[in-house]
Amino acid sequence: MMSEIIFAGSGGQGVLTCGLIISNIAASEGMNVTWVPSYGSAMRGGTANCTVKYSSDNYIYNPSPECPNMLLAMNQPSFVKFLPMVAPGGTVLIGDTVEIPDNARTDVTYVKVNCTEIAVGLNNPKGANIVMTGAIIKLMEDFKHDAAIQSMNNMFEKKGKGKFNAANMAAFDAGYNAV
């Protein structure tokens, strides 16, 4: 079975990194995976989103967003833009600044995580995206917790950012336990 996730927010919120982490976890599990980023001309503060697809038994013929079974919306414009694409029965994970309107779809599950508040409480204000990564891993149930952490740490070590592994693990666990 194929899983498809759209990660969306403003530039600087780390949604592209969040998608990259998930795609690295899938790749480390030997899955077929794609990660397709899209961002506005102004990286920080502009719009940013990416689509990740992974499957253990199928080829991925179209890496573009089609019918995601999960949406991560870190801001209201992303929520409004991408909610119509989510498959019926899918999950919509929203950050603390997103409000669900009264007339929102009723055929999806909404999960709100106060990621900014959690990250600030961990003294890691830039870690809201890692909080949400942990929440996604728990909600999707496709990967084991410890394998996901190890893959995330390996990815950051390759980028020369392994010094943040302890803070990232705390943020990941907080998100994992928040859902």
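This is a predicted model: local features need pLDDT of at least 70, side-chain atom pairs count only at pLDDT 80 or more; totals for chains, interfaces and linings use all residues.
Visitor: Let me start with a lysine: is Lys53 buried or exposed?

Guide: Residues are numbered from 1 along each chain as its sequence is written, and side-chain values use heavy atoms, without hydrogens or water. Buried means under 20% relative accessible area, exposed over 50%, and partly exposed in between (1.4 Å probe, protein chains only). Because its relative accessibility is 0%, Lys53 counts as buried.

Visitor: Which residue meets the side chain of Lys53 in a salt bridge at 2.5 Å, N to O?

Guide: A salt bridge here is a side-chain nitrogen of Lys or Arg within 4 Å of a carboxyl oxygen of Asp or Glu. At 2.5 Å, N to O, the side chain of Lys53 is bridged to that of Glu66. This pair joins distant parts of the chain, 13 residues apart: Lys53 sits in strand β3, and the loop between β3 and β4 (70-73) holds Glu66.

Visitor: Which residues are linked with Lys53 in a network of salt bridges?

Guide: The structure holds 4 salt bridges. Some of them form a network in which Lys53 is linked with Glu4 and Glu66.

Visitor: What separates the closest N and O atoms of Lys112 and Glu99?

Guide: These two residues form a salt bridge, with their closest N and O atoms 3.4 Å apart. They also connect distant parts of the chain, since Lys112 is in strand β6 (residues 109-112) and Glu99 is in the loop between β5 (91-94) and β6, 13 residues apart. Lys112 counts as partly exposed because its relative accessibility is 37%. The distance you asked for is 3.4 Å.

Visitor: Which residue forms a salt bridge with Asp107?

Guide: Asp107 has 35% relative accessibility and therefore counts as partly exposed; Arg105 has 21%, so Arg105 counts as partly exposed. With the closest N and O atoms 2.8 Å apart, the salt-bridge partner of Asp107 is Arg105.

Visitor: Is Val52 buried or exposed?

Guide: Val52 belongs to strand β3 (residues 47-55), where helices (H or I, at least four residues) and strands (E, at least two) are DSSP runs numbered from the N terminus. Leaving aside neighbours within four places in sequence, Val52 has contacts (heavy atoms within 4.5 Å) that include Ile5, Phe7, Ile22, Val33, Thr34 and Trp35. Its relative accessibility is 0%, so Val52 counts as buried.

Visitor: What is the relative accessible area of Thr34?

Guide: Thr34 lies in strand β2 (residues 32-39). Beyond four places in sequence, its contacts are Thr51, Val52, Lys53, Ile60 and Pro63. Thr34 counts as buried because its relative accessible area is 19%.

Visitor: Where is Val15 found?

Guide: Val15 has 2% relative accessibility and so counts as buried. Setting aside neighbours within four places in sequence, Val15 touches residues including Phe7, Ala48, Cys50 and Met74. The element that holds Val15 (residues 15-28) is helix α1.

Visitor: What is the phi of Asn123?

Guide: Most residues other than glycine have a negative phi. Asn123 is in the loop between α3 (115-121) and α4 (128-140), and with 69% relative accessibility Asn123 counts as exposed. Although not a glycine, Asn123 has a positive phi of about 60°.

Visitor: Where does Glu141, with its phi near 60°, lie?

Guide: Glu141 is another residue other than glycine with a positive phi, near 60°. Its relative accessible area is 68%, so Glu141 is exposed. Its place is the loop between α4 and α5.

Visitor: Which residues form the positive surface patch?

Guide: Patch residues have over 30% relative accessible area (Shrake-Rupley, 1.4 Å probe, with only the protein chains shown as cover) and no salt bridge; like charges are joined within 9 Å, and nonpolar side chains (Val, Leu, Ile, Met, Phe, Trp, Tyr) within 5 Å. Lys and Arg count as positive and Asp and Glu as negative, with His and the chain ends not counted; each charge is placed at NZ of Lys, CZ of Arg, CG of Asp or CD of Glu. One member, Lys163, lies in the loop between α5 (145-158) and α6 (165-178), and counts as exposed because its relative accessibility is 70%. The patch is formed by Lys126, Lys159, Lys161 and Lys163.
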